[in-house]
Amino acid sequence: MKISRSPWLLHYDGSSCNGCDIEVLAATTPRFDVERFGIINTGNPKHADIFLCTGGINAQNQDVVRQIYDQMPDPKVVLACGICACDGGIFKDCYNILGGTDTVIPVDVYVPGCAVRPEALIDGVIKALAILDDKKARMKKEGYRSLTSEEYRKKRETADA
Amino acid sequence: MMNVYSIIAIAAYLICAPFAASIFSGVDRIVTARMQGRKGPGLMQAWWDLMKLFSKESTTVNDIQKVLVVAHCFFAVFSGAVFFGGGDLLLVFFSLTMAEVFLILAAYSVNAAYSEIGAQRELLQMMAYEPMILLTAVGFYMSTGSFGVAQIIKTDIPLVLKMPGFFIGFCFILIVKLRKSPFDIATSHHAHQEIIKGLTGDLSGRIYGLSELAELYEEVLMLGMIGLFFITSDPLSPVYAIIAVSAVMFVMSFTDNIFPRVKWEVLLKLAWIVTFFAGGTNLLLLTLI
């Protein structure tokens, strides 16, 4: 049984202009209808498989993003939606912006765009599903476990040093 | 009394109910999607969701939460087994209430804000539908002289003719019981609830899967209750019952799509008004005639 038949996603808006968030909601409307892939927008990290993060990371939301990520049960994937979530985008040089989603948690799929198009978003989710299936198989075979945000922080620190 | 038929019926219920409920909810979701101009998910979506949940990691807040959710699932399955085994309706309804209470306790045990609000609203929701459920059991007793499902189905005419008020009332509370309305209730199936998932908000993985499984069993039991209004000693009557159940499901989806944003205060009042007038009047007539 493939986990990709029922991916439930959690949408979190970092510090974006809300353009990407409107497009995320557009993907659930009749025109694009993500429910046909079994996707549900859960709003609850404990039920979610896919973490869809829009907007950059700033000093205030970094702990929120870490906590949401840590609360999600394995297997899980993270999607950075829109250029701000990928690397900070137009806000990159602002004094309060730390960078993209991958400054605090490991990201599996980067979906660029300003704003990200619903088609690109759905493509990104489909790509994430393959990763989700792979992670589940590795979980069963070799006891794979995602990095916690704390482990990820340490890994980044050693890589920088 | 237990006989071969009731054992076969119980076994069939235990094995087939999750599949049957998945198909029913799949059809329901597709019909709903078509009403909204969408394509909708696959037919067995509920089943895939369940399988996924059982293969995920479970994080539990405390051990008592696990025990309570397992008890919830057990009592939900038990009440269905009693019903399809031809047992006593009162036992069915009381063990179903037990199941609900265990789930509410599980939500209270985690000591989280959303779970707590969810549990409170679930209690209010029970307050809305329990009177009608009990009245329906009384209605079946008044019209057939027995609480036993095995005796009730030996009737000559469909009981819906004797108890139309109970039928309307029961269909009404079924919207609440099958978690369609109100939308701001804990486990409502609509997206964007104001209290996230409330009641089941702190369950995850296998434990959440168990509560979903219990819901599938419960759904089959509730549809069986609708069928009970149409089943007679006539061997063809199960066919009519299935048609009736499908029609009721369709009308429920339709109503839910017309009134997608009913809040719990409104529904509580409405449920009691319908219970009092539809159920009460019917009960009075059954007593007098």
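Predicted model: local features only at pLDDT ≥ 70, side-chain atom pairs only at ≥ 80, totals over all residues.
Residues are numbered from 1 along each chain as its sequence is written, and chains are lettered from A, with ligands numbered from 1, in the order in which they are written.

Chain A holds an open sheet of five strands in the order S2-S1-S3-S5-S7, with parallel pairing; strands (E, at least two residues) and helices (H or I, at least four residues) are DSSP runs numbered from the N terminus, and two strands pair if DSSP finds at least two bridges between them. At the edges lie strand S2 (40–41) and strand S7 (109–111) of chain A, each of which pairs on one side only. Strand S1 (residues 8–13) and strand S3 (residues 50–54) of chain A run parallel and are joined by five bridges, and Leu9(A) stands opposite Ile50(A) in S3(A).

Helix H4 (residues 118–142) of chain A packs on this sheet, touching S3, strand S5 (77–81) and S7 of chain A, and its direction makes about 160° with that of S5(A). Axes here are lines fitted to C-alpha atoms, for helices over the stretch in contact, and angles run from 0 to 180 degrees between N-to-C directions. Helix H1 (residues 19–27) of chain A packs against H4(A) at an angle of about 70°, with their axes 9 Å apart, which means that H1(A) is roughly perpendicular to H4(A) (65 to 115 degrees). In this packing Glu23(A), Val24(A), Ala26(A) and Ala27(A) of H1(A) meet Pro118(A), Leu121(A) and Ile122(A) of H4(A).

In chain B, Met132(B) is found in helix H5 (residues 113–144), and Met132(B) counts as buried because it has 26 C-beta neighbours inside 10 Å (the cut-off is 20 or more other C-beta atoms within 10 Å, with C-beta atoms placed from the backbone). Leaving aside neighbours within four places in sequence, Met132(B) is in contact with residues including Gly169(B), Phe170(B), Ile173(B) and Thr275(B), where contact requires C-beta atoms, placed from the backbone, within 7 Å. The C-alpha atoms of Met132(B) and Thr275(B) are separated by 5.5 Å, although these residues are 143 residues apart along the chain.

The contact between the chains takes 26 residues from chain B and 17 residues from chain A. On the side of chain B that touches chain A, the elements giving two or more residues are helix H2 (45–55) and helix H9 (205–228) of chain B, and H2(B) gives the most, with six residues.

Key. Contact = placed C-beta atoms within 7 Å. Buried ≥ 20, exposed ≤ 12 C-beta atoms within 10 Å, placed from the backbone. Parallel < 35°, antiparallel > 145°, perpendicular 65-115°, else oblique.
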